[in-house]
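Morning, everyone. I have one structure to show today, and I'll keep it short.

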Amino acid sequence: TNGGGFASCRTLGDDEPLGLPAEANALLVDATGDGQRYKLVLHTADSWAMSVPSWSQDFVPSRKRTSHRLSLSGFVPSKQGRVVHGLPPLDPATVTGFGFALSLYTADGQPNPDFGPGPFRLEVHSVHVETSS
C-alpha cells in the first residue's frame, strides 16, 4: 500500500453470475490474517467500468484461523469508496465476482483505523455460501 489507498485481489470475468442461490443469506470466510480490517467485495457486473456499485463488508481476520460469517444483508453498496444510498438489497443471484481488499476506507465509507503503511497478510482458506433452509 506504499503511497496508495488500497491493495486488493479479485476474480476476473464478471460477465456471468457465479451461481449463488437466491436463498443465500451469508458468506462464510475461513481466513487467517494480521488483525487488520479487510473487506470482502462482491461485484454484480464488470466493476472495472465503475458504472455499477460493488458491495462490501468488513471483517478482521486474526492470526488464528477463524471463520467469519458475513450476512448478505450487511453488505454496503459503494462506488470508488463512497456509499451509494437508495438501492434495493443485494440479490445474491446477480453476483458475478468477488475479491478482498485492504483499504483506506471501511465498507461504510469511514476511515479505516487499521490502515497504514507496512506489510499485511490475508490468507483465505475457503469461502462458502450459507443458505436458509
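This is a predicted model: local features need pLDDT of at least 70, side-chain atom pairs count only at pLDDT 80 or more; totals for chains, interfaces and linings use all residues.

**Salt bridges and the sheet**

Start with Glu130: its relative accessibility is 23%, and that counts as partly exposed.

What does Glu130 pair with? Its salt-bridge partner is Arg69, and the closest N and O atoms are 2.6 Å apart. Arg69 sits in strand β5, residues 66-71, and Glu130 in strand β9, so the pair ties together parts 61 residues apart in sequence. Arg69 is partly exposed too, at 48% relative accessibility.

How many salt bridges does the structure hold? Four. Another of them joins Arg37 and Asp114, with the closest N and O atoms 3.6 Å apart. Arg37 is in the loop between β2 (24-32) and β3 (38-43), while Asp114 is in the loop between β8 and β9 (123-131), so this pair links parts 77 residues apart in sequence. Arg37 is partly exposed, with a relative accessible area of 26%. Asp114 is partly exposed as well, at 29%.

Next, Arg121 and Glu123. Their side chains form a salt bridge, 2.7 Å from N to O. Arg121 has a relative accessible area of 39%, partly exposed. Glu123 is at 35%, also partly exposed.

Now the sheet. Six strands make an open sheet, with antiparallel pairing, in the order β1-β8-β3-β4-β6-β7. β1 (6-10) and β7 (82-83) are the edges; each has a single partner strand, so one side of each lacks a neighbour in the sheet. For β1, the antiparallel pairing with β8, residues 97-103, runs over five bridges. There, Cys9 stands opposite Phe100 in β8.

That's it from me. Over to you.

Technical notes
Residues are numbered from 1 along each chain as its sequence is written. Side-chain values use heavy atoms; hydrogens and water are left out. Two strands pair if DSSP finds at least two bridges between them. Helices (H or I, at least four residues) and strands (E, at least two) are DSSP runs, numbered from the N terminus. Buried means under 20% relative accessible area, exposed over 50%, partly exposed in between (1.4 Å probe, protein chains only).
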